[in-house]
Amino acid sequence: MATDSWALAVDEQEAAAESISTLQLNEKEDKQKPEENGEEAVAGGDADKTDDNDDNEDRAAQSLLNKLIRSNLVNTTNQVEVLQRDPNSPLYSVKSFEELRLKPQLLQGVYAMGFNRPSKIQETALPMMLAEPPQNLIAQSQSGTGKTAAFVLAMLSHVDPANKWPQCLCVSPTYELALQTGKVIEQMGKFYPEVKLMYAIRGNKLERGMKLQEQIVIGTPGTVLDWCQKLRFIDPKKIKVFVLDEADVMIATQGHQDQSIRIQRMLPKTCQMLLFSATFEESVWNFAKRIVPDPNIIKLKREEETLDTIKQYYVNCNSREEKFQALCNIYGAITIAQAMIFCHTRKTAAWLAGELSKEGHQVALLSGEMVVEQRAAVIDRFRQGKEKVLVTTNVCARGIDVEQVSVVINFDLPVDKDGNPDNETYLHRIGRTGRFGKRGLAINMVDSKASMNILNRIQEHFNKKIEKLDTDDLDEIEKIAN
Ligand SMILES: Nc1ncnc2c1ncn2[C@@H]1O[C@H](COP(=O)(O)OP(=O)(O)OP(=O)(O)O)[C@@H](O)[C@H]1O
């Protein structure tokens, strides 16, 4: 591909990204500075730093990215563990949506979304959430296992459309995440038009003195608190269901924890409290216990990744140019349907993407400067096969489901801040979840004594041999494809 067609490809990518971002964010709100309500910015940073630096600010962005690119439930064979149960809680789980005796309009909404049966977490969580009297719930399961759909169904089931005031309140950590959840409410409530939804997010300015008539309000903690307390658009005493979504992301942002607790304190004792989180570190636990009295607590173990079905190789080089040459030799010898290539810095990623496209490859570059919707658009195009190579840094790609990518290349080996091998990232980049995993190929580029040392330590850690590959020997390369 000549230089101008590379530029063209980038333009195309950006145009696609723009159209997605207008699609996602075409609500009436004007985008003000994210800090105004204490909400987190989703992307940014300067081009030269390693992506690992913006680790913290990226949590909300990753979560959003996950939602934007996911089209399916995450498969799991693990069972839901019930860690604590309210003695009044229903003891059964359901295998079908019919058993839940949902309103027909909601059942229709669920089926229209293509859900045939409840997901693992929904089997246990839904009977608890829909029970009478209402049950409180703390639920943890990895992203993509059906938590959002579950609490949306619970909110829609509990509202009384004849009452023209807010009855369900849902708080999300960021503006963008609130919009995403709002979309699920709109989709699932499609056949239940009497139920209305309002977004309590920055920029959504209402007239002073007005009272909301919408039955469901979704928003960020700062705005929701203002609307309940200062502006009194919502009467918190009339709230029947309170949902706190993405608790782990929520507490990572300063101020959100306090604001959420202040909202919760204004709600009646009878209000049902529901809290969801993808992870459950100590801080999330402590927060959850403050927000949710007498909870049922359920947990779904993550599907572990393994290297068992992966063939691992390394290539010995002396410079990044040699690594690039080795890569070209591999591409010359075997047919690679789709590959993901990881670099340590954005700069290397950009350089490599440029070089590969000069060689005629259709390359997508995922870069830290892109806003999250742009990243989602790039990944989406890659998934559709419009590009065959995705070059990225680790932070950008974290959370991306790479199951379909048969070849992963570590152009730079993953290391932590102190330069030690980052085994967890290595596993996450190339590993596959046990039963669902297809066979894969991983190629590691080594360019110094130090990186050879890292490779050896990774090998020892997993106790799995990483074979040497001579990329000057075409016959040898061909063998690895079989
Ligand atoms: N019972 C179901 N059957 C089929 N698909 C489902 C079901 N429940 C949810 N989904 C779909 O699975 C995907 C993940 O669901 P959902 O967003 O509810 O998960 P989540 O655990 O909330 O993840 P995240 O925290 O990333 O939002 C979505 O595309 C959703 O539409």
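The accessible surface of this chain comes to about 21500 Å², and 47% of that belongs to carbon and sulfur atoms; areas here follow the Shrake-Rupley method with a 1.4 Å probe, and for residues only the protein chains shown count as cover. Please keep in mind that this is a predicted model, where local features need pLDDT of at least 70 and side-chain atom pairs count only at pLDDT 80 or more, while totals for chains, interfaces and linings use all residues. Residues are numbered from 1 along each chain as its sequence is written, and side-chain values use heavy atoms, with hydrogens and water left out.

Let us start with the chain as a whole. Of its 482 residues, 56% are buried (under 20% relative accessible area, 1.4 Å probe, protein chains only).

Now to the ligand. Around the ligand sit 19 residues, and the closest are Lys67, Arg117, Ser143, Gly144 and Thr148 (a residue is near if one of its heavy atoms lies within 4 Å). By class, this shell holds five nonpolar, 10 polar and four charged residues; Asp, Glu, Lys and Arg count as charged, Ala, Val, Leu, Ile, Met, Phe, Trp, Tyr, Cys and Pro as nonpolar, and the others, Gly among them, as polar.

| Residue and its polar atom | Ligand atom | Distance |
|---|---|---|
| Arginine 117, backbone | nitrogen | 2.8 Å |
| Glycine 146, backbone | oxygen | 2.9 Å |
| Lysine 147, side chain | oxygen | 2.9 Å |

The ligand on its own has 620 Å² of accessible area, and the protein covers 85% of this.

Terms used
Polar contact = N/O pair within 3.5 Å; in protein donor to acceptor, adjacent residues only side chain to side chain. Buried < 20%, exposed > 50% of the residue type's maximum accessible area, 1.4 Å probe, protein only.
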